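This report describes a model of protein chains, going from the conventions used to the individual chains and then to the contact between them.

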Amino acid sequence: MDPLFLAYSYFRRRKFKESADICTKLLEKNPYDQAAWTLKTRALTGQVYVDEVDVDEEGIAEMLMDDNAIANVSRPGTSLRKPGTSSQGGPSQGVRPTSQSGRPLSGFVRPGTQGGRPGTMEQAIRTPRTAHTARPVTSSSGRFVRLGTASMLSTPDGPFINLARLNFSKYAARPNLAKALFEYIFHHENDIRNALELAALATEANQYKDWWWKVQLAKCYYRLGMYRDAETQLKSAIKQQEMVDTFLHLGKVYVRLDQPLTAVETYKQGLEKFPGETTLLTGMARIYEGLTEMDNAVKLYKDVLHFDNMHVEAVACIATHHFYTDQPEVALKFYRRLLQMGVYNAELFNNLGLCCFYAQQYDMTLTCFERALSLADEATVSDVWFNLGHLALGICDHNLAYQCFRLALSNNNDHAEAYNNLGVLELKRGHVEAARAFFQAAFVIAPHMYEPHYNFAALADQLGDLQSSYVSARRAVENYPNHTDSQELLKQLRQHFSLL
Amino acid sequence: MSLFKTREWWSTSVGEAEEFDNGCLCVANIDNESSGSDKVILGSYQGILRVYNPRPQKTESGWSGYSPEDVVLEQAFQQPILQVEAGKFSSGSENLVLAILHPRKLSVYSISAIAGSVAHGSQYKCEGLYEHNLQRTVHKFCYGPFGGVKGKDFICVQSMDGTISIFEQESFAFSRFLPGALLPGPIKYVPRLDSFVTVSSAWRVECYKYQVLAVASDSGGKDETQNIRSGKRVTFDWSFDIGEQGMDIAVIAFPQAPASILILGERSICCLTETGKLRYMKKLGYDPSCLLPYASLSEGTINYIVATHTNSLLIYQDVTLKWAAKTEFTPVQCQVANFKELNGVIVMLNDTGRLECVYLGTDPAIFVPPHVESRELNYAKMDAEMAQLQKRIKEKGQKAVIAPNRKPEEDLQVNIHVSPNLDEMSMATGVEIPEEDSVPSIQLRIQVKARMLIDNIKLEVHAPWPLATNRSDYSIPSVEPNTPAELFVSIFQRGNSLPAHLYVQISASYQSATGGSRITTLRAALPAKLVIQPVLPVKSALHKLTIDTNKPPISLNDIFPDMLGENAGGQGAALGFQFFGGPVVTVLASKTSQRYRLQCDRLEAMWIPLKELVSRLNQHFNRGKYGDFRASFDGSLPLQEYYELVDSHFECRLGATKCSEMLAQRASQFRVIERRLLTRFKDKTPTPLQNLDTLLEGTFRQILALGDAVEQNQMAEAVAANNLSCGTYLLNFLIRLWTDMTDEEFKVLENAVSPVVSESAEQGWQEMTDAAVTHLLRTVLAKSAKDAAVNPSPLSIPSDTGKVKKHIALLCDRLGKGARLMDGLAEKKERTIKLPTPKTISEEADTELSEESNAVDNVISPNFRSEKSRKKKRGVVRAVEELAPLGLPMMDKPTADKSRRRGLGELSEAKNQKIRSMVPDLDDMSGGGDEENHIANGDS
């Protein structure tokens with residue numbers, strides 16, 4: 001059997017390692033075998049390939065040094081930085097908890113759903129509670145480096161292609177080699193500069209007529225943070241030939257430029273050409289979710305399900321929406337569907353348990369939580385205990401609730417919500433000092449939550465420490481402008497002060 | 001992700017350790033049976049051809065499955081089989097015959113059945129019709145009525161180098177190079193266009209007309225050979241760039257659907273019209289393995305199956321997912337077949353030879369979650385257990401800190417033996433004391449004993465700065481029960497500061513037999529002679545402390561026999577000790593009264609000699625029997641001097657915060673400038689840099705200078721912290737002697753006015769001590785209910801040290817008046833509800849401020865107050881000296897000198913000035929900056 005044929009067959013069957021090994025042997029015999037060389041680059045790329053559209057790692061440096069935003073003070077509803085300003089009111093913060101950046105929690109964890117755009121370095125460095133790893137300083141460190149170093153593992157005697165000695169203009173002129181080589185440099189070697197050089201030369205060699213090379217150029221520009229250049233290239237590519245990937249990349253560029261509405265327009269334009277493309281629909285839905293326009297987002301997620309009823313993200317997001325809009329029975333149906341589809345993890349059982357509880361199916365609730373606890377890993381077990389604590393509150397078993405929150409804290413001592421709830425319980429028991437300490441701990445850990453601020457303010461008001469009460473109430477209102485209790489407390493305090 | 005799984009109708013595992021790939025499966029009525037039912041034909045890379053005719057029987061428990069009679073034919077070939085196809089390849093008949101592709105050969109066979117006369121059924125025969133030997137290694141072949149021929153199929157073989165060879169049945173027609181071929185892509189024949197469609201290495205769908213290929217010959221149609229070396233460049237009819245490698249092509253010719261071409265890429269599916277226009281495309285979120293269009297169920301749409309590497313079978317109608325089913329494996333090829341018993345069966349093959357005929361159904365994809373471990377429910381027992389647990393939780397809940405129970409015996413024992421003599425050869429290295437050439441060192445013998453075999457012990461010797469060790473961490477691979485490990489480590493003084501105490505801490509961490517990680521810690525006391533050396537006594541000194549005893553005086557020579565040095569042979573009335581690089585402490589023993597006196601220029605330096613003196617006196621008098629020796633202190637507490645230590649440490653802390661603020665400000669400035677520069681460099685049209693680069697460099701230098709300043713300040717803070725620690729030890733010790741405290745009370749005092757001065761940016765000694773002392777004042781030492789109501793101040797760095805000083809004075813005052821610290825402990829436990837009752841009734845309800853002056857007056861004797869003003873000045877000067885390194889680059893010497901005698905108010909201004917002066921002069925750098933400007937402009 002011909003070794004090259006076998007290698008090609010392995011490659012088709014996604015057995016990249018075997019394929020690359022055979023190619024290595026072929027190349028030892030004949031270093032100038034172009035077919036084997038190309039196949040090996042493609043096999044090595046296949047080992048580490050991640051669709052660039054899905055990669056959305058935003059480093060601290062990118063967020064802070066970002067000078068691409070059009071306006072620092074944007075009009076309401078036109079920016080992802082200031083969510084909740086759109087005219088269509090999203091869910092109230094009192095009902096649906098928010099992430100650190102003020103967006104409502106999503107039903108699906110994606111890169112970027114946890115951080116958001118912080119205003120200051122301190123806020124940026126603070127790790128979101130559910131992320132559990134620190135955010136990379138720049139995206140050129142972080143996960144990309146880990147992807148890049150994969151090349152070192154597979155080839156102990158140095159890299160397969162020495163990029164420094166490659167004559168790019170020679171390769172750029174050969175369309176059958178250049179594309180595979182580009183993907184290798186971009187995905188496997190993670191050397192964006194060289195990839196950019198190759199792409200630029202190849203675009204030129206194709207007389208600026210190949211849309212593929214323009215998209216690749218844009219990908220490189222995007223990685224290098226040159227969003228405007230990426231936009232130009234992508235638009236030019238769309239003019240030449242409309243492809244799904246091009247629209248997705250263009251939308252991503254606009255999101256990065258903080259122009260969500262333009263991004264939505266782009267996706268819509270793409271949908272006209274490719275009706276029912278789920279990736280485009282999901283992209284739009286994610287933006288609406290970020291803008292807290294939940295109705296639009298859910299509508300789009302339902303469209304996604306029409307075209308692909310196995311779409312986990314859509315099901316999960318719709319379920320979350322229903323749960324937080326007080327329809328636990330409907331949410332339960334969606335979560336059950338996820339379970340039937342084969343999703344099997346602690347988060348799902350936790351959500352199922354909560355839905356069952358609020359839908360008054362008490363018999364199932366504890367079983368679900370039991371399962372969630374048995375499946376939970378270190379990162380999630382504290383959240384499960386926290387939810388169990390809520391359940392205990394719901395059945396008025398304060399002792400159990402207290403113990404659950406303590407367990408949540410013993411598993412993750414950064415759990416601000418648990419601190420806050422413990423504080424309330426302590427207050428009920430009459431331990432003012434302990435309650436105060438818990439509230440303080442909660443708002444030090446999670447300054448974006450309004451509950452501990454308000455609780456602290458109310459407590460301080462009762463104790464007569466009006467100054468602290470005023471400060472905390474102001475912070476609560478800052479975090480959640482529509483919180484009536486905080487506003488009233490503030491009003492009362494102002495009156496009090498003016499009387500003095 | 002799927003709700004359902006495929007339902008198995010018939011399945012078998014083919015061969016052992018045989019390999020299959022796309023092309024190895026073919027479904028056709030190959031024996032031309034009249035009923036028209038399909039047979040499954042398989043060829044493996046190991047060269048074995050098999051034909052199956054699945055005939056499962058329906059039984060009560062479902063389909064009977066595979067039976068040996070289902071095998072129609074099995075034949076081994078010498079060469080691997082790469083592809084099998086059925087078509088009208090025979091020139092003699094219009095029957096279906098089988099074409100088999102080997103790496104270098106194409107053979108055509110006819111398979112026929114001979115009806116058997118006996119019960120065991122018919123017999124099948126495989127007859128070779130013709131074969132072609134090939135010159136090149138082949139990849140795939142496709143077939144069809146090339147050139148519009150009726151009722152016949154011709155074969156087009158594609159080789160690994162992209163050449164195609166056309167065979168018109170028994171005869172060879174021609175070979176052609178396809179342009180730009182590197183690795184062959186999938187190839188298919190489109191009958192309506194009479195063209196070939198392939199995906200080239202340039203990731204483009206290309207369509208070549210058969211006619212164009214046929215006429216593009218060098219030799220004008222004469223003597224065509226397979227072995228061509230060159231050829232005319234053929235051009236494609238149309239092309240479409242899909243931007244990824246194609247995996248499979250399917251030509252759609254269903255009556256209801258528009259004629260189109262489906263291309264399965266690695267990441268998407270494209271549907272093109274026959275003229276190369278995009279109809280639709282679908283981006284895939286998974287790795288597809290094969291594609292099969294099977295029907296057009298409604299007007300204008302195409303239904304197709306995609307199998308994935310995530311083990312599922314997805315059925316699409318255009319871009320809409322219609323059905324998803326879970327499969328047991330990843331198929332490399334699937335086909336739809338019509339059998340006698342069942343029509344429309346999906347036949348799937350994976351690469352290890354698992355062959356399955358399945359159909360779709362609503363069998364749930366059953367995933368049985370593992371059972372959660374559940375106990376037998378015995379409610380009575382559970383209740384009892386719950387009650388017991390609750391009780392325990394309640395008990396534990398009382399104590400805020402749950403201390404782990406110490407096991408009676410540790411697995412690992414660490415013994416330390418401090419050598420009685422200093423090392424003969426000093427092991428000290430890296431000594432930072434300028435005044436001393438060599439400092440002594442002392443050796444510690446650490447013995448590690450284990451009760452059982454313990455592996456991988458990490459031993460750490462921590463000597464507090466300024467003490468140091470010659471090696472701080474050891475790792476012991478293993479210790480056996482009978483052979484303890486021994487280590488030697490030398491301790492010496494390295495830093496130029498007063499040591500706060502003479503303890504080294506040794507901790508060993510290991511894994512116990514139960515798997516938990518355990519730590520054993522031990523403290524070892526070092527002799528005082530390690531850090532002080534005997535010198536001649538000094539007559540006069542600033543500070544004096546007098547200790548009274550109840551025993552007749554004794555010669556100092558008797559109690560300091562090992563530290564006499566030059567004083568040996570003296571009367572034993574006076575001894576001098578000097579710290580390495582530090583002040584001299586003189587110890588005097590009164591000849592007549594029962595008193596001893598220590599004197600020194602610095603208060604904090606007296607701590608170690610004092611402790612040494614008292615402990616040696618204790619040892620001397622209380623030797624053997626239970627002695628009644630007591631030392632006491634009657635003088636006034638040296639609070640004022642102590643405050644200076646507090647202040648100087650506080651100054652250092654303020655300096656540190658100031659520095660870090662400045663650093664943060666400069667760093668943000670640096671980032672802003674960087675951002676501006678970046679914008680300029682990124683700009684398409686070059687703009688002048690406007691000296692931003694100079695500014696950047698200037699800021700950079702400032703940051704570096706500030707970094708140095710921070711480092712120096714840290715050093716100063718460490719010294720001040722050690723001094724403060726010494727002072728606190730001393731003060732506590734004196735209070736103890738003064739008020740004759742019990743050990744427990746002393747513990748409370750040491751916890752409140754802690755001699756441990758840790759360096760932490762968040763909570764410093766001043767506020768922690770303040771909080772602790774305030775707590776004591778409002779609980780055990782409270783005079784009135786009003787005292788108890790005072791709220792604790794927040795734990796943040798205070799603006800000055802007035803409060804903590806005031807509170808310490810108040811504490812001393814109350815202790816002096818006879819208040820006890822001990823009762824508080826008992827009271828504290830009930831504190832949550834009951835308010836503490838004041839122990840002494842206050843004589844008047846005066847404000848705290850007036851109390852403070854009282855307190856200070858009471859504690860400090862008048863002669864101290866007279867010295868107060870002088871001392872204050874000195875304190876300030878010292879603060880300046882220690883702060884002098886605060887961000888001072890070398891060139892600023894003159895200003896540093898000037899600031900020596902400045903007051904506190906001017907200090908900050910001077911500091912600011914210095915920091916300002918760290919900005920490099922912009923004028924000096926402008927020349928260079930301009931140059932860079934030009935370069936930058938030239939570049940862009």
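The sections below take up the basis of the model, each chain in turn, and the interface.

## Basis of the model

This is a predicted model, in which local features need pLDDT of at least 70 and side-chain atom pairs count only at pLDDT 80 or more, while totals for chains, interfaces and linings use all residues. Residues are numbered from 1 along each chain as its sequence is written, and chains are lettered from A, with ligands numbered from 1, in the order in which they are written.

## Chain A

The secondary structure of chain A consists of 27 helices and zero strands, where helices (H or I, at least four residues) and strands (E, at least two) are DSSP runs numbered from the N terminus. Of the 500 residues in chain A, 48% are buried, a residue being buried if 20 or more other C-beta atoms, placed from the backbone, lie within 10 Å of its own. Among contacts in chain A between residues at least 6 apart in sequence, 49% join residues at least 24 apart; two residues are in contact if their C-beta atoms, placed from the backbone, lie within 7 Å.

Residues 244–277 of chain A are 79% helix and 0% strand, with end C-alpha atoms 8 Å apart, and residues 346–379 of chain A are 85% helix and 0% strand, with end C-alpha atoms 10 Å apart.

## Sheet and helix in chain B

In chain B, five strands form an open sheet of mixed pairing in the order 1-28-27-26-25, two strands being paired if DSSP finds at least two bridges between them. Strand 1 (4–5) and strand 25 (288–295) of chain B are the edge strands, each pairing on one side only. Strand 25 of chain B pairs with strand 26 (residues 303–308) of chain B in the antiparallel sense over six bridges, and B:Tyr304 in strand 26 is the bridge partner of B:Pro293.

Helix 6 (residues 692–739) of chain B has 48 residues and reaches 67 Å from its first C-alpha to its last, close to the 70 Å expected at 1.5 Å a residue, the expected span being 1.5 Å times one less than the number of residues. B:Asp740, which follows helix 6 of chain B, has a positive phi near 55 degrees.

## Interface

Between the chains, 44 residues of chain B are in contact with 44 residues of chain A. On the side of chain B that touches chain A, strand 24 (278–283), strand 28 (320–326) and helix 5 (639–682) of chain B each supply at least two residues, and the largest share, four residues, comes from strand 24 of chain B.

Conventions: Buried ≥ 20, exposed ≤ 12 C-beta atoms within 10 Å, placed from the backbone.
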